[in-house]
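Please take a look at the sequence and the 3D structure shown here. Then read on for a short tour.

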Amino acid sequence: MLDKFQLTVPEPDIYRIGQYRPVSIRDQVIRASFLIERLWTTGRLKSTSKLLVIGAGAAGVTAAVKAVHFGVTQVRVADVSDRVLSLQAGCTTRWLDPAQYDWPASHWDKEVWPVDEPTSFPYPTATKLSAVVNLEADYADEWSANFAFALSVYESAGSVNFVPGVKVVDWTFSTTKACYEVEFDDAATKTSKGSLDADVIIFAGGFGKELVSVPAWPLGSGTYSSIPFWSDDAFEQPNFGLASLNLGMLVSGAGDGSLQDFIRLVSGQRSAREVWKAVEPALSPTAHRAFERLVDWDRNSQDAEQFAPAYGSMCERLAALHARYQAEVQRLRGSVAEWAAVAAALDALIPTARPTDKVFLALKSAHFDGCYSLNRLVTLLLIEYVQHKHPGHFPVFVGVGIRGVVPTYTLPTGGTAILVVVALSTTCETTAAEIANWPGQGGARPFDGIVIRHGIDTTALSVKSAKLAPQVVPSHLP
Ligand SMILES: Cc1cc2nc3c(=O)[nH]c(=O)nc-3n(C[C@H](O)[C@H](O)[C@H](O)COP(=O)(O)OP(=O)(O)OC[C@H]3O[C@@H](n4cnc5c(N)ncnc54)[C@H](O)[C@@H]3O)c2cc1C
């Protein structure tokens with residue numbers, strides 16, 4: 001297990017906990033807990049070790065606190081930001097829900113972690129992280145505050161030292177000192193802030209940079225950026241926080257971020273969880289069983305893929321997966337009595353006046369990306385629901401890549417909008433560069449608002465990124 005976390009020799013005491021799949025707060029807490037436990041029990045981490053944790057996200061804070069629990073007394077946590085869980089800090093409108101991604105595991109609707117099933121396996125418990133950190137659905141900013149508090153308890157005791165506002169830029173092993181010399185820059189000024197010594201380094205620097213920009217149109221006139229995922233938004237407001245809502249809101253992307261945004265915009269609910277809670281009691285036993293089987297198949301096929309790839313490409317696997325979910329959702333819609341119950345449940349949840357026909361999803365291909373089952377299923381259900389409410393309306397653009405955006409476009413009818421210039425007939429494998437250079441112009445359509453969720457650039461990690469090639473780890477620890 002340790003070897004799975006380890007960087008290549010000759011740097012035996014450097015481990016990392018980023019860039020894994022699946023990645024959720026819960027997964028990161030578990031990974032960090034297991035890593036520290038194994039380091040301690042194998043003697044690679046000792047009470048006298050100088051431990052440096054790079055990154056004060058969920059993984060880094062957990063690693064630091066766990067190390068102190070085992071008896072390490074010199075723990076430093078360094079972060080570019082001056083805040084703990086900086087990714088989520090400051091976001092007061094988005095729910096962070098670790099159990100959402102475990103659906104339909106038995107503990108999902110109880111918000112209990114670890115799984116409350118009888119087991120003899122010694123899971124490290126979340127409660128040991130700190131009495132104040134509850135792994136339950138909460139606003140993102142509250143998570144940041146909870147983790148910051150947990151860390152501060154150990155800072156006051158003198159065993160942890162949080163070093164904010166620094167970027168770790170390099171490390172080298174000093175044979176004279178018999179430890180690593182780690183170099184820091186001031187994150188703001190990008191000037192050197194010196195170095196410190198460490199016996200063991202845990203790189204918990206996250207999994208990359210979120211892609212929220214597209215070229216401004218005409219090409220060469222800069223970039224257009226939409227709001228980052230973890231920032232305050234008004235998606236649940238009646239008009240999505242837009243000054244006017246005539247043309248609609250476009251969500252571009254096929255991953256979990258865009259599906260979550262589509263769900264929130266259409267339903268006005270905080271997350272897929274609320275929608276599922278409303279729909280589930282209305283499902284027939286047949287539909288319920290079918291969905292459970294689908295999710296099971298989904299998970300197993302992902303695991304199996306690691307050992308024996310069954311499809312020629314990831315795109316083929318995702319297309320097959322999507323088709324299975326879609327066929328089941330469409331079967332449900334085709335059954336008059338079953339669908340009536342689902343539609344009634346959604347009617348009761350979503351106010352009649354909500355502009356469900358003003359939300360659009362732009363996909364590069366005909367399928368979603370690798371997504372959590374609940375997001376996938378709830379999005380497909382809501383797409384059917386929107387079509388049921390607005391016959392003839394189709395909220396999904398398929399095979400569309402955004403070439404560029406005119407941020408302030410004057411409409412022929414007067415007023416301004418955001419003009420989205422697209423490439424048509426793209427696939428999920430079409431790159432951003434290919435879209436920008438698409439032969440001919442696919443077309444353009446104005447919107448009142450646009451959200452760009454084009455994934456995570458996992459190559460954007462800064463510290464010795466060449467060494468941080470993705471690894472496969474035991475996938476979904478319980
Ligand atoms: C769009 C999106 C939605 C998500 N939704 C959910 C959700 O609802 N529920 C859930 O459980 N999970 C969700 N996740 C996943 C969750 O955000 C991650 O699992 C979690 O933040 C990863 O924690 P981490 O500690 O590994 O990394 P991060 O939280 O990214 O922390 C890494 C830290 O390292 C610092 N750092 C990086 N490089 C350096 C360096 N060189 N020197 C110093 N510091 C450095 C960064 O500043 C950062 O603070 C979502 C992720 C995304 C992108």
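## Before we start

This is a predicted model, where local features need pLDDT of at least 70, side-chain atom pairs count only at pLDDT 80 or more, and totals for chains, interfaces and linings use all residues. Residues are numbered from 1 along each chain as its sequence is written.

Helices (H or I, at least four residues) and strands (E, at least two) are DSSP runs, numbered from the N terminus.

## Helix H10 and its partners

Let's begin with helix H10 (residues 373–389), which packs against helix H5 (residues 256–267) at an angle of about 40°, with the axes 10 Å apart. Axes here are lines fitted to C-alpha atoms, for helices over the stretch in contact, and angles run from 0 to 180 degrees between N-to-C directions. That angle makes H5 oblique to H10; angles under 35 degrees count as roughly parallel, over 145 as roughly antiparallel, 65 to 115 as roughly perpendicular and the rest as oblique. The crossing of H5 and H10 is left-handed, a word used when the near helix is turned anticlockwise from the far one by less than a right angle (right-handed if clockwise). On the H5 side the contact includes Leu259, Phe262 and Ile263, and on the H10 side Val378, Leu382 and Val386 are among the residues involved. Residues are in contact if their C-beta atoms, placed from the backbone, lie within 7 Å. The residues of this H5 and H10 contact divide into 7 nonpolar, 4 polar and 2 charged. For this count, Ala, Val, Leu, Ile, Met, Phe, Trp, Tyr, Cys and Pro are nonpolar, Asp, Glu, Lys and Arg are charged, and the others, Gly among them, are polar.

H10 also packs with helix H6 (residues 272–279), at an angle of about 65° and with axes 10 Å apart. Here Ala272, Val275, Trp276 and Val279 of H6 meet Leu374, Asn375, Val378 and Leu381 of H10. The contact of H6 with H10 has 7 nonpolar residues, 1 polar and no charged.

## The H3 and H4 pair

How do helix H3 (residues 58–70) and helix H4 (residues 140–156) cross? Their axes come within 10 Å and cross at roughly 30°, so H3 and H4 are roughly parallel to each other. H3 passes H4 in a left-handed crossing. Ala58, Val61, Ala64, Val65 and Val68 in H3 meet Phe147, Ala150, Leu151 and Tyr154 in H4. These contact residues divide into 9 nonpolar, no polar and no charged.

## A three-stranded sheet

Now for some strands: 3 of them form an open antiparallel sheet in the order S17-S18-S19. Strand S17 (400–410) and strand S19 (443–447) are the edge strands, each pairing on one side only. The twist averages 25° from one strand to the next.

S17 and strand S18 (residues 416–424) are joined by 8 bridges; strands pair if DSSP finds at least two bridges between them. Gly404 stands opposite Val421 in S18.

Most residues other than glycine have a negative phi, and most peptide bonds are trans. The peptide bond from Trp217 to Pro218, however, is cis, with omega near 5°.

Lys190 is not a glycine, yet has a positive phi of about 60°. Is Lys190 buried or exposed? Lys190 counts as exposed, with 9 C-beta neighbours inside 10 Å. Phe240 also has a positive phi, near 60°, but Phe240 is buried, with 22 other C-beta atoms within 10 Å. Buried means 20 or more other C-beta atoms within 10 Å of the residue's own, exposed 12 or fewer, and partly exposed in between, with C-beta atoms placed from the backbone.

Note on methods
Contact = placed C-beta atoms within 7 Å.
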